[in-house]
Amino acid sequence: MKNDQDTLQIRLTRRGFLRLEPQEASPPSRAWEALQRSFEADWRSGLFLLAAEKLSCDGRLTLRFWQDWAARYLTALCHVPAEMATFAVDPPSDDVCEAQALAAPPMRGGEYLTAAVLRGVWLELDGWVRNELEGGEGLEAFLTTRAPQWRQVGRVCFHLAENRQDERRPFAFMATFSTGFGAAGQLKHLALGKALEQYAGAGNRPVLIKLLAPVQRAGETCVWVRELTASRRIYQPMAWSAEQAYTMLRSVPLLEDAGLSVRLPNWWKKRARPRVSVKIGETRTTLGTRALLDFDLQVALGDRTLSPEELNAILDGADGLVFIKGQWVEVDRARLREAMAHWEKVRRSAGKDGISFIEGMRLLAGASADLKHEEEAERHRPWSEVVAGDALRGILAGLRDPGRLAPVDTGGALRADLRPYQREGLSWLRFLSGLGLGACLADDMGLGKTIQVLALLICAVQEPAGAQRHPALLVVPSSLLGNWRQEAARFTPDLRLVFVHPAETDRRTLDRIAREPARLAEADLVVTTYAMVHRQPWLADQHWRLVILDEAQMVKNPATLQSRAVRRLSADARIALTGTPIENRLADLWSLFDFLNPGLLGSAGVFRTFVKGLEARPENPFEPLRRLVGPYILRRLKTDRRVIADLPEKTEMPCYCTLTRQQVALYEKTVQDLRGALSIVEGIARRGLVLQTLLRLKQICNHPSQVTADGDYRAERSGKFVRLSEIAGEIAERQEKALIFTQFREIIPALADVLAAVFGRPGLVLHGGTPVKHRKSLVAQFQDEDGPPFFILSLKAGGTGLNLTAASHVVHFDRWWNPAVENQATDRAFRIGQSCNVLVHKFITRGTVEERIDVLIAEKRQLAEEVLSPEGEVNLTELSDDALIELVRLDISRAAA
């Protein structure tokens, strides 16, 4: 198998299951084809097969990660005595699971990976094995059939214990074999010599050979085992010197690979070593990417610093196990001296002023200072440690755990009550921005990233102004200009906004601002788009209090003009908002951090070298990268227990869309035709004209091809299609499902094509032409965990009678203008049996009749009462000509992108 990482990959679903997804044509190998079939049948059997077959996964980081986890389980399973009728293989400790989760490579669904999920995968695997054995197949037969490459292991055990009564030979060795479990549930062992008696006789010879096979294999790689076997001393207990004990301790990996169990003193796993202790940031508390941190170098044993005399005594003594101050200490003088020389070199290069903040954070994460010498850093890691000093430790604690930070008072200027997790997010954003550090708020869609940023801006406005006051700059996709205007007006009406975009500000004013940027000094927040940052280079000449990127995945490609333009912006601090799990893709991660904290991940070339070095690490390969970027990313999921308890069950989110040029032209012509026709029609004809015009305007807002019937349903020709693609992209990244409602059957195929391209797989459709007998099957497909990710329904056909609780998103692509009908449609997902919080996205085209009627319905003004029928339906046919034209007219400055 070649290093083709994208041919197959395992996806972790949000419910903790695993899926095998081919990216291209399946590999020709029969083993890989079997693996695919096994995953399709049951992911647990597929995971077991992945480990049992020992398939080559060198280039497949995700597959290798899950293979290693399954192999860990398989190793434990092989240690279970074959004579046990029932068993359960306990999962690794919490610490091991935490470390494994931290070391995971980027993968699809990586945001769901936790220690609890790993433990759950282990337990699912164990449950599957035990279920397979219920049919009468014994464990040995099962392993022989299912894991033929794994030799029978787990019967012979090498024990090492302390022998405190003998100073000359302070350790004891004994080889045993397991015979079953006692009444207390403990594994029973007999001295290996007893096996010669128990299996005496020619009839038992195969059993004895099978029992001793792991010992023979261990003798092939360990001289001392071979010598003990040849002399037959292995069959009796022995008192050992510290040197003999150390020889065995260093052989443990070889012994376990041979199939032996090993029992050691508890202190060996956390054995003490004299280590070079590097302490960064003991006294300096100022931070920022340009800060310098003090750098202290000592040699310590545990938490105690060694005096020069104690260090000299260790360096002048013997290697191996040395008993110092009541404990056994592992000493390797050559490795210790090498580590000391390495860190002394680092200290000299840092200079008397200390080490740079960026280099210090890299070292604390377990990487090299320059991200180029990971092999060297890995070599010195067992004999050195890098820790944060007292001052830096307190700051890092706040970065990693927002719950530790003091709450922030918005002073009543925020017209909303923040939820607890939002208050923590506000404190975290203010803490990082106050330190001059970049922050990525990566909360799930619907958790309120916008309101947390608005609250931060209100706090910034309330702070005393310095010698020169700088506003903040917000960069958004053009489709979100209306959302930010609406949210700011709703939650922070006192915040002074200036929009640098022709959709919100007239050209003359924009030209005046470009000539005299000082006019922005009175603004609190300047809002512009990614395209405008590139087109208005004067924005990079200003210094901003904050630069905030919404939908920050827009800069994931560092080579684009808009990405380069954004990185040139100057600010005291930077914030990125994204609901996309950026930790799942390395290239996106580098691009984002090159904006947030330039230099932290090095140049693109250095970062690629760094990643290659991580991939080569034998254990916990990606832990340094996760530790390096982790303090600057705050991600809360709707599935988090603390968040779930604090969320409403249903959240409605208006999604403001713009019109393309062709939509604008069609809309204006339709309004002009209505204006001219109203003067010559009346009665029933007038009502028919009004209804026909309203229908046409709705169609134009959806897509111009609905009116022109030219069949050209490209997404870029419609503002709504563009916005739907953006929202669907985030839903797809979260592996969630969506219902999309429209009242127009003819547009459903176009919507299905666009969404299939975003989700990477087709969805389902249901309309009046769908046979009733097929509807139950469609619902069952959608409700299945692995079923289609989206379901497009016509409002009349799918608005009632269906149970579609697999969806956590409901999109009203076009509005029925009857709240009761829309709520009935929403309740297809928001009903009994729904275990997720439901987000309802209501599409509204700005500057059009859609926006005005939405306002009327929401505010329930007098005019709204006049245009709503007793049944709740919008009724515009009885309005006067002037009122009707005012309602449907196009506000071009708000509607155009």
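The model is predicted, so local features need pLDDT of at least 70 and side-chain atom pairs count only at pLDDT 80 or more, while totals for chains, interfaces and linings use all residues. Residues are numbered from 1 along each chain as its sequence is written, and side-chain values use heavy atoms, with hydrogens and water left out.

**Glu487**
- Glu487 sits in helix 19 (residues 481-491); helices are DSSP runs of H or I, at least four residues, numbered from the N terminus.
- Glu487 is buried yet has no salt bridge, and Arg490, the nearest side chain of opposite charge, is 4.1 Å away.
- Buried means under 20% relative accessible area (1.4 Å probe, protein chains only), and a salt bridge needs a side-chain nitrogen of Lys or Arg within 4 Å of a carboxyl oxygen of Asp or Glu.
- Setting aside neighbours within four places in sequence, Glu487 is in contact (heavy atoms within 4.5 Å) with Thr450, Leu454 and Thr492.

**Helices 30 and 31**
- The axes (lines fitted to C-alpha atoms over the stretch in contact) of helix 30 (residues 719-733) and helix 31 (residues 748-759) come within 9 Å and cross at roughly 40°.
- Helix 30 meets helix 31 through residues including Phe721, Leu724 and Ala728, with partners on helix 31 including Leu751, Val754 and Phe759.

**Helix 14**
- Seven of the eight residues of helix 14 (residues 357-364) are buried, so the rest of the structure largely encloses it.
- Among those buried residues are Phe357, Arg362 and Leu364.
- Just after helix 14, Gly366 takes a positive phi of about 95°.

How values were computed: Helices (H or I, at least four residues) and strands (E, at least two) are DSSP runs, numbered from the N terminus. Buried means under 20% relative accessible area, exposed over 50%, partly exposed in between (1.4 Å probe, protein chains only). Lys and Arg count as positive and Asp and Glu as negative; His and the chain ends are not counted. Axes are lines fitted to C-alpha atoms, for helices over the stretch in contact, and angles run from 0 to 180 degrees between N-to-C directions.
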